[in-house]
Amino acid sequence: MFKWLKDKVNKKMNNEMHNCITQNLNFVYMVEARKYALKDNINEEVMSHIYMIKDQSENIQNSKTEGDDFTNDESDILLKLNMDCRKLWANYFGGSDMKFDKEFPKDKSIIGDGDIP
């Protein structure tokens, strides 16, 4: 019985971490679109942090194959990066904390849908 419960918790946690990666990258893509397509003047320090979020999220994503579990360290990193995205959204871009999840979906990539928040 405990194995079944552990497997269920691991599956939920893995799903959440994949969603966290998607949301982090959706935020990064929005910032890149603003900087390069819309020519917004975004602080270089902010862009440096954005690239770090992108690199770490992609590195963890690329290290996983189907069925791999996330380590505690990977989960901690992804959650911290997600919090960084949320802080940048609210404090630098003036976005609403309450709308972050709506603006940057967890379940699908926003690349190619034409919307730039």
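The questions and answers below concern helix packing and nonpolar cores in a predicted model.

Trainee: At what angle do the axes of helix H1 and helix H2 cross?
Mentor: Two packed helices are described by the angle between their axes and the distance between the axes. Helix H1 spans residues 2–37 and helix H2 spans residues 44–62. Their axes come within 10 Å and cross at roughly 145°.

Trainee: Is the crossing of H1 and H2 left-handed or right-handed?
Mentor: Handedness describes which way the near helix is turned from the far one. For H1 passing H2, the crossing is left-handed.

Trainee: How many residues in the contact of H1 with H2 are nonpolar?
Mentor: The H1 side includes Phe-27, Val-31 and Glu-32, and the H2 side includes Ile-50, Lys-54 and Ser-57. Of the residues in this contact, five are charged and three are polar. The nonpolar ones number 12.

Trainee: Which residues touch the most other members of the largest nonpolar core?
Mentor: This core has 16 residues. H1, H2 and helix H3 (72–91) each give two or more residues to the core. Leaving out residues up to four places away in sequence, Phe-27 touches residues including Ile-50, Cys-85 and Trp-89. Those that touch the most other members are Phe-27, Val-31, Ile-50 and Trp-89.

Trainee: Is Asn-19 buried or exposed?
Mentor: Asn-19 sits in helix H1. Beyond its neighbours within four places in sequence, Asn-19 is in contact with Lys-106 and Asp-107. Its relative accessibility is 15%, and the cut-off for this class is under 20%, so Asn-19 counts as buried.

Terms used: Residues are numbered from 1 along each chain as its sequence is written. This is a predicted model: local features need pLDDT of at least 70, side-chain atom pairs count only at pLDDT 80 or more; totals for chains, interfaces and linings use all residues. Side-chain values use heavy atoms; hydrogens and water are left out. Axes are lines fitted to C-alpha atoms, for helices over the stretch in contact, and angles run from 0 to 180 degrees between N-to-C directions. Helices (H or I, at least four residues) and strands (E, at least two) are DSSP runs, numbered from the N terminus. Contact means heavy atoms within 4.5 Å. Ala, Val, Leu, Ile, Met, Phe, Trp, Tyr, Cys and Pro count as nonpolar, Asp, Glu, Lys and Arg as charged, and the others, Gly among them, as polar. Buried means under 20% relative accessible area, exposed over 50%, partly exposed in between (1.4 Å probe, protein chains only). A nonpolar core is a set of buried Ala, Val, Leu, Ile, Met, Phe, Trp, Tyr and Cys residues joined through side-chain atoms within 4.5 Å.
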